[in-house]
Amino acid sequence: SIAVLGLIIISNAMAVEEVEYKTISKNEVYEIRQYSDRLAIETSTTNQNTNFRKLFNYISGNNETNEEIKMTAPVTQIEKNGNMTMQFYLPTKFNKQNVPNPSNSEVRILNMKGGYFAVITYSGRASDNNFIKHKNILENQLNNDNITILSPPIRATYNSPFTLPMLRRNEVMFEIKKNT
C-alpha cells in the first residue's frame, strides 16, 4: 500500500551508517560474516534504558568536545560479568586519535575486535522472547553444524522504536571459530 511505501522511503531517507562486514557464507538459517575491528562506546548496568540514555547522551554532545555524533546501526547488547552491556558503534571517520572522550565515566570507548560471526536475522519486536527464540534456533543449528561458539549471544537492533515491527531488522549473533 501507499502508506507502507511512504514509510519505507522515509526510513531509507533517514539511513544511518551501518557497521561494515563481508558475508562469507549463507544457508537457509544463518549467515557467517567477517567484521573488521571497529570503535564503539559501551556502558553496563542492569537497566537497559539507562544504558541507552548514557550512550545517547554521549553522541548528543555529552563528551569532552561537545561534539554531536551521528547514530549508527546496529545497537548491540551482550551480557558481560552478569550485567547487560550496550554498545553504539562510532562512525568510521573516528579513530583512537580523534574520538572525543566521554564526560560520563560510565561510558567507555573501546576497540571492538573483528572476527567471524554467525548471524540470524528476524523482524518484529526486539523483545526478550523474540530474541531468545532466535538465539535458540541459531545456537542449535551451529551445534548441529559443529561450529564452535566463542561468545555469549549478541542482540543487534537496527531500527528506531518508531519503525513498524514488521519492517524492523533484528539479529542474534555469536562470535564463532573460523573453520579452516
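This is a predicted model: local features need pLDDT of at least 70, side-chain atom pairs count only at pLDDT 80 or more; totals for chains, interfaces and linings use all residues.
How many nonpolar, polar and charged residues does the lining of the second largest pocket have?

**View 1. Lining of the second largest pocket, by class and by element.** The lining comprises 11 nonpolar, 5 polar and 5 charged residues. The volume of this second largest pocket is about 310 Å³. Among its 21 lining residues, Met112, Lys113, Phe117, Ile154 and Glu175 are the closest to the centre of the pocket. Two or more lining residues are given by each of the strands β6 (75-80), β7 (83-89), β8 (108-112) and β11 (170-176). Strand β6 supplies the largest share, with 4 residues.

View 2. The structure holds 1 cavity of 30 Å³ or more, and the volume of the largest cavity is about 30 Å³.

View 3. Because its relative accessible area is 8%, under the 20% limit, Arg155 is classed as buried. A polar atom of the Arg155 side chain lies 2.8 Å from the backbone oxygen of Ala126. Beyond its neighbours within four places in sequence, Arg155 is in contact with Val75, Thr76, Gln77, Ala126, Ser127, Asp128, Phe131 and Glu171.

Note on methods: Residues are numbered from 1 along each chain as its sequence is written. Side-chain values use heavy atoms; hydrogens and water are left out. On a 1 Å grid over the protein atoms alone, a cavity is a set of points where a 1.4 Å probe fits but cannot get out, and a pocket is an open set with protein on both sides within 12 Å along at least five of seven lines; lining residues have an atom within 4 Å of a point. Grid points are joined across faces, edges and corners, and a volume is the space filled by probe spheres set on the points. Ala, Val, Leu, Ile, Met, Phe, Trp, Tyr, Cys and Pro count as nonpolar, Asp, Glu, Lys and Arg as charged, and the others, Gly among them, as polar. Buried means under 20% relative accessible area, exposed over 50%, partly exposed in between (1.4 Å probe, protein chains only). A polar contact is a pair of N or O atoms within 3.5 Å; within protein, one must be able to donate a hydrogen and the other to accept it, and residues adjacent in sequence count only if both atoms are side-chain atoms. Contact means heavy atoms within 4.5 Å.
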